[in-house]
Every structure is written in C-alpha cells, then in structure tokens.
Amino acid sequence: MSDIAPNEVVSDTPQALTDEAILARFHAAKTVPGSARTLGFRMVSVNQAERRVEIAFEPSIEAVGNPMGQVQGGYVSAMLDECMSVAGMITSGMTCVVPTLEMKTSFLRPAIPGPLRGVGWVVKWGKTVCFTEGELYDPEGRLLAKASATAIPTPFAKFKK
C-alpha cells in the first residue's frame, strides 16, 4: 500500500487535474508518513497520459543501511512499492489508494544510500485489480532493481474511518 497520506492527496470524486496540480498536491501535503521520510520520498513528475510517475528518494545510511553500507533490500522494495502504488493513485484520478496484493522484486545491483530515482507505471488497470511495474536507478542512470506487482484499487471513501 502506498504510504503517502491519502487523506491529503486523494479525493472521493474524480476531478479534472493537470499533472502539475497532482504534483502540487503531493508537494503541499501537510503530513508526511514516517516511511516516506525514511526513504527520502519526493515526487518529481506525474504523467497521467502514460500512467507514470517519477519519484526521487534520498535515504540515509543510518536509516536504511545494511552492514555493507548498501540500502537493505526491503527498503529498495519499499521504494519500488511507493512508485507503483502512486502510479495507481494517479491512474485512478486520485480517487483510490492501491494496496499491493503481491510483489516481485529483482535486485540487479546494490543501491547505495543517497540520491536514487524511481519510476512506476500502471501496465493494466481493471475494475478490481491492476498490474504495475517499477524501476529504481542510481545517480548515473544504472538500473538497480525492477519490480512488478498486483494491486487492488480501493476507493478512498472505503478507507475513511
């Protein structure tokens, strides 16, 4: 499930929002979840037409490092999960959260704490399930990890307490 505070960026009804307006919603969020802070999450771009998002991460060695000085794999997976879930939120017209049902991550090279770039997109959007993919890159543009996931689009209204 995306860890972005959905009550600040998602609405109950679809709205005609530009990519820039959605990006501004993320930047203006008043509450930043602890996991997003830990990962150094920052939205970079939104492309509704391509159902794609780009997210910058800047995790610290103290927060996510393993004994080898690399980003522990679970945090790499969390970054990819954020990218894919947020792409789903964008695809829903900002009306759904997109909890992950299952996810597969392939680790291709070590991620070093510091600036990283994640990209997430929706491959297929259905009424009850969606399929997403994501990639994580280092500052030199080298692919570090890839993931694919199955998720369940859930209207934001169902998450209200």
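So, a salt bridge here is a side-chain nitrogen of Lys or Arg within 4 Å of a carboxyl oxygen of Asp or Glu. By that definition, the structure holds five of them.

Before I go through some, the housekeeping. This is a predicted model, where local features need pLDDT of at least 70 and side-chain atom pairs count only at pLDDT 80 or more, while totals for chains, interfaces and linings use all residues. Residues are numbered from 1 along each chain as its sequence is written, and side-chain values use heavy atoms, with hydrogens and water left out.

Okay, salt bridges. Let's take Lys146 and Glu135, whose closest N and O atoms are 3.5 Å apart. Lys146 sits in strand β7 (residues 143–151) and Glu135 in strand β6 (residues 130–137), so this pair ties together parts that are eleven residues apart in sequence. When I say strand, I mean a DSSP run of E, at least two residues; helices are runs of H or I, at least four residues, and both are numbered from the N terminus. Glu135 counts as buried at 14% relative accessibility, whereas Lys146, at 37%, counts as partly exposed. The cut-offs there: buried is under 20% relative accessible area, exposed is over 50%, and partly exposed is in between, with a 1.4 Å probe and protein chains only.

Next up, Arg142 and Asp138. Their side chains meet at 2.6 Å, N to O. Salt bridges that share partners also bring in Glu140, so you get one network of Asp138, Glu140 and Arg142. Asp138 is buried, at 10% relative accessibility, and Arg142 is partly exposed at 38%.

Then there's Glu50 with Arg52, where the closest N and O atoms are 3.6 Å apart. Both partners are partly exposed: Glu50 at 49% relative accessibility and Arg52 at 32%.

You'll find Arg52 in strand β2, residues 52–57. Which residues does Arg52 touch, leaving aside its neighbours within four places in sequence? That would be Ser45, Val46, Asn47, Val119, Gly120 and Trp121, with contact meaning heavy atoms within 4.5 Å. If you look at C-alpha atoms, Arg52 and Glu133 are separated by 9.7 Å, and they are 81 residues apart along the chain.

Now helix α2, residues 19–28. Its buried residues are Ile22, Leu23 and Phe26. Seen down the axis of α2, they fall within an arc of 100°, so they line one face of the helix; that arc is taken from the directions from the helix axis to the C-beta atoms. And what does the face turned away from the buried side of α2 carry? Exposed residues there are Glu20, His27 and Ala28.

Last stop, Ser92, in the loop between α5 (73–91) and β3 (96–97). Is Ser92 buried or exposed? Buried, because its relative accessibility is 12%. The side chain of Ser92 also reaches the backbone nitrogen of Met94 at 3.3 Å.

That's my tour, so over to you for comments.

How values were computed. Polar contact = N/O pair within 3.5 Å; in protein donor to acceptor, adjacent residues only side chain to side chain.
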